[in-house]
Number of protein chains: 6
Amino acid sequence: MSRKVSVYRTAHFNAAHRLNVPQWTDEQNKAFFGLCNNSNYHGHNYDLQVCVVGEVDEVSGYLIDMKQLKVYIDEEVIEAFDHKNLNLDVPEFSELNPTAENIVWVIWKKLRNRLEDRFELSVRLYETPRNFVEFNGK
Amino acid sequence: MSRKVSVYRTAHFNAAHRLNVPQWTDEQNKAFFGLCNNSNYHGHNYDLQVCVVGEVDEVSGYLIDMKQLKVYIDEEVIEAFDHKNLNLDVPEFSELNPTAENIVWVIWKKLRNRLEDRFELSVRLYETPRNFVEFNGK
Amino acid sequence: MSRKVSVYRTAHFNAAHRLNVPQWTDEQNKAFFGLCNNSNYHGHNYDLQVCVVGEVDEVSGYLIDMKQLKVYIDEEVIEAFDHKNLNLDVPEFSELNPTAENIVWVIWKKLRNRLEDRFELSVRLYETPRNFVEFNGK
Amino acid sequence: MSRKVSVYRTAHFNAAHRLNVPQWTDEQNKAFFGLCNNSNYHGHNYDLQVCVVGEVDEVSGYLIDMKQLKVYIDEEVIEAFDHKNLNLDVPEFSELNPTAENIVWVIWKKLRNRLEDRFELSVRLYETPRNFVEFNGK
Amino acid sequence: MSRKVSVYRTAHFNAAHRLNVPQWTDEQNKAFFGLCNNSNYHGHNYDLQVCVVGEVDEVSGYLIDMKQLKVYIDEEVIEAFDHKNLNLDVPEFSELNPTAENIVWVIWKKLRNRLEDRFELSVRLYETPRNFVEFNGK
Amino acid sequence: MSRKVSVYRTAHFNAAHRLNVPQWTDEQNKAFFGLCNNSNYHGHNYDLQVCVVGEVDEVSGYLIDMKQLKVYIDEEVIEAFDHKNLNLDVPEFSELNPTAENIVWVIWKKLRNRLEDRFELSVRLYETPRNFVEFNGK
């Protein structure tokens with residue numbers, strides 16, 4: 001029998017952002033993004049759920065050392081995004097609109113680079129408890 | 001790389017219902033459904049989680065406009081079910097037993113009709129925080 | 001130093017109800033209670049938080065035996081209210097409008113009768129996660 | 001017996017802010033407020049819990065009409081704060097540092113003005129699920 | 001159209017455990033498992049989410065009788081694990097390190113034995129709200 | 001007007017314990033504490049809510065520096081209790097039965113020693129989401 005298991009670790013950060021497409025006019029942006037286009041920014045407590053999938057090590061009983069996974073999340077996400085303005089302080093969003101869909105994509109790529117190939121990776125990002133997104137690279 | 005993402009939106013409604021199969025006798029219904037068969041009804045705060053899957057629009061960074069998705073949910077689910085008696089007030093359950101399995105199926109079909117074909121749809125319904133169901137049309 | 005401590009125990013039940021004042025006309029009731037006046041009933045998952053306050057027993061380190069408190073809650077609240085129609089199945093609400101304010105009052109009185117005088121009692125009732133009430137007899 | 005009851009209603013808004021005392025130097029602000037002093041702002045999903053205390057109306061069984069309370073909260077808090085930059089967009093914080101302690105004070109005063117004198121008012125504000133404050137005017 | 005639905009039921013138990021691989025030295029175990037290797041044990045409130053997948057019965061509108069599923073969970077998991085020391089009191093872990101990955105595997109196998117073949121089974125186990133695992137036998 | 005505010009900070013730790021009164025016989029302990037008396041211990045994820053009350057500083061807009069409060073909680077509670085066996089590893093419980101009522105009392109005393117006299121202190125401890133206690137020294 002397979003011992004393929006999914007292991008989840010959560011984290012959180014808070015940040016300011018605004019939704020804005022530079023190639024659109026102000027009127028287009030305001031019409032499309034509404035309150036989220038506020039030029040003075042608004043913000044969120046983002047909750048992150050990182051899911052790593054793979055075969056359990058039969059000796060240790062671990063899929064991955066959670067302490068090591070926490071280091072990857074801290075270095076790639078928390079230090080880069082927490083208490084930041086995503087549009088102004090985070091290089092990945094200098095040209096990319098920081099929608100939840102784009103933020104989760106950026107986080108997935110950053111964590112994918114740190115994980116061994118034998119692991120699958122899925123990331124869920126809660127912008128609020130009522131709106132959230134998930135990306136798994138497929 | 002694919003930009004296929006899942007976007008989730010939550011909503012809630014509360015309603016009365018009873019579980020009852022018309023073609024069974026009262027004794028059969030009582031034996032099978034227990035307290036849930038109470039002829040005077042009981043009720044729940046239903047929490048709904050709607051998941052839409054598809055390719056992100058590269059310009060806007062949106063999968064779907066959440067304000068539009070909220071309109072679909074409000075019109076198809078909240079206006080039809082909130083503060084209602086599912087058995088008596090909702091035509092879909094005049095003949096269909098309003099189990100969580102059947103309610104989530106009805107909601108899925110109503111929302112599926114409103115969404116473009118390029119989207120996949122999955123719906124999760126919490127009858128209580130301890131009992132919930134999910135349907136994705138597959 | 002005092003060892004006065006508050007001990008909390010939660011429980012939950014679900015029930016149907018409608019808000020209606022018998023001495024008012026249908027129009028008055030509908031205008032005042034809106035959707036909550038639906039003559040076919042709606043329902044909720046009610047979450048209950050019972051708080052007992054008093055001096056800790058220095059030998060056992062207990063304020064009150066939680067297993068005993070659970071028995072009181074089960075007998076007075078869960079057996080009487082769970083999977084019931086509050087208006088039709090619960091005698092206390094045959095004349096009393098089952099608002100959250102009135103339900104918490106009824107629960108407080110039922111539990112107060114079971115507790116020794118040396119305990120203070122406070123009861124919180126969540127009608128939804130967004131609307132809740134608290135009564136402490138003062 | 002008294003029928004004094006506490007009724008709670010929740011709401012939420014999200015906003016950007018930074019913590020900064022204008023009469024301090026940048027070095028003092030940075031040393032005191034740390035990451036929260038980021039000049040580009042950060043943000044939160046704020047959860048609000050409004051508690052109104054008073055005597056239940058014996059006829060209706062209501063303390064206060066929740067629909068009316070919701071209107072007060074929407075007009076005084078949600079329209080004024082949601083998707084805003086508290087420092088730049090909300091006049092009350094043009095001179096006042098938008099700490100959670102100060103935000104809850106401002107909200108309390110705005111709601112106090114809308115409520116009849118017979119009600120007591122207490123407001124709890126969650127800046128994150130881990131940090132929150134409460135103010136009751138006493 | 002398929003009527004394949006997922007039905008979820010939650011449960012909880014609390015237990016003590018320590019992480020330790022018998023064939024490793026104390027130094028290896030301490031270095032690998034850190035605080036979780038404490039020879040005097042530590043503990044958790046485990047939250048369990050059992051997911052059963054299959055075709056809905058068109059007459060009853062049920063996938064599976066939740067009361068029956070609850071009996072399986074109570075007998076196989078709660079009676080065996082609740083208020084226990086997993087290492088000392090639960091035979092399955094006398095040789096197997098009680099990591100979350102291994103606990104969820106043991107629970108899945110115990111429940112799989114009780115369910116008819118027409119059902120698929122997936123089990124999620126929360127060791128804390130921040131760390132959880134999922135196993136579906138695939 | 002007073003600016004007296006309550007500021008809350010949460011933390012969590014997990015630990016093993018057993019309930020046992022040394023001066024009682026094994027039979028008495030087993031009869032009184034039931035499953036909680038298991039001689040091999042069981043465990044919990046404890047959630048802590050620390051509430052500090054006092055006058056807000058009008059210049060900074062802070063009641064207390066949360067970073068400093070976090071240091072007190074980490075040093076007094078998390079380092080002392082997390083991933084520990086309360087009965088065996090924590091000196092305060094070598095003679096004192098580690099009921100929730102006694103644990104919250106010990107935590108309150110440890111934190112009270114670190115706080116200035118101008119602050120009031122209240123501590124809430126969740127043993128599970130369903131059972132919790134609160135102590136404020138009064």
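**Entry 1: B:His83**

I began with the loop between helix H2 (66–81) and S3 of chain B, where B:His83 has its place. The model is predicted, and I read the entries below with that in mind. I looked up the backbone of B:His83 and found a positive phi of about 60 degrees, although the residue is not a glycine. Is B:His83 buried or exposed? B:His83 counts as buried, because its relative accessibility is 13% and the cut-off for buried is under 20%.

**Entry 2: C:Tyr41**

I then turned to chain C for another positive phi. C:Tyr41 sits in the loop between helix H1 (26–33) and S2 of chain C. Its phi is near 80 degrees, and C:Tyr41 too is a residue other than glycine. I noted a relative accessible area of 13% for C:Tyr41, so I wrote this residue down as buried.

**Entry 3: strand S2 of chain C**

Strand S1 of chain C, residues 4–17, is joined to S2(C) by 14 bridges, and the two run antiparallel. As an example of a partner pair I wrote down C:Asn14 with C:Asn45 of S2(C). Strand S4 of chain C, residues 120–128, is joined to S2(C) by 7 bridges, again antiparallel. Here I noted that C:Val52 stands opposite C:Leu121 in S4(C).

**Entry 4: C:Thr10**

I picked one residue of strand S1 of chain C, namely C:Thr10. C:Thr10 counts as buried because its relative accessibility is 19%, and the limit is under 20%. Which residues does C:Thr10 touch, leaving out those up to four places away in sequence? In chain C I listed C:Leu48 and C:Gln49. From chain F I listed F:Pro129, F:Arg130 and F:Phe132.

**Entry 5: strand S1 of chain B**

I went back to chain B and its strand S1, residues 4–17. This strand is mostly covered, with 12 of its 14 residues buried.

I looked up its partners one by one. Strand S5 of chain A, residues 131–135, pairs with S1(B) in the antiparallel sense over 5 bridges. A:Phe135 stands opposite B:Val5 in that pairing. Strand S2 of chain B, residues 42–55, is joined to S1(B) by 14 bridges and runs antiparallel to it. There I found B:Tyr8 opposite B:Cys51. Strand S3 of chain B, residues 84–85, has 2 bridges to S1(B), and these two strands run parallel. B:Ala16 stands opposite B:Asn85 of S3(B).

**Entry 6: two helices of chain C**

At what angle do helix H2 (residues 66–81) and helix H4 (residues 100–112) of chain C pack? I noted about 140 degrees, with the axes 9 Å apart. That angle makes H2(C) oblique to H4(C), because roughly antiparallel starts over 145 degrees. The crossing is right-handed.

I listed the residues that make the contact. H2(C) gives C:Tyr72, C:Ile73, C:Glu76, C:Val77, C:Ala80 and C:Phe81. H4(C) gives C:Ile103, C:Val106, C:Ile107, C:Lys110 and C:Leu111. Sorted by class, the contact has 9 nonpolar and 2 charged residues, and no polar ones.

**Entry 7: chains without contact**

Last, I checked two pairs of chains. Chain B and chain D do not touch, and their nearest C-alpha atoms are 14 Å apart. Chain A and chain F do not touch either, with 14 Å between their nearest C-alpha atoms.

Methods
Residues are numbered from 1 along each chain as its sequence is written. Chains are lettered from A and ligands numbered from 1 in the order in which they are written. This is a predicted model: local features need pLDDT of at least 70, side-chain atom pairs count only at pLDDT 80 or more; totals for chains, interfaces and linings use all residues. Side-chain values use heavy atoms; hydrogens and water are left out. Axes are lines fitted to C-alpha atoms, for helices over the stretch in contact, and angles run from 0 to 180 degrees between N-to-C directions. Helices (H or I, at least four residues) and strands (E, at least two) are DSSP runs, numbered from the N terminus. Angles under 35 degrees count as roughly parallel, over 145 as roughly antiparallel, 65 to 115 as roughly perpendicular and the rest as oblique. A crossing is left-handed if the near helix is turned anticlockwise from the far one by less than a right angle, and right-handed if clockwise. Contact means heavy atoms within 4.5 Å. Ala, Val, Leu, Ile, Met, Phe, Trp, Tyr, Cys and Pro count as nonpolar, Asp, Glu, Lys and Arg as charged, and the others, Gly among them, as polar. Two strands pair if DSSP finds at least two bridges between them. Buried means under 20% relative accessible area, exposed over 50%, partly exposed in between (1.4 Å probe, protein chains only).
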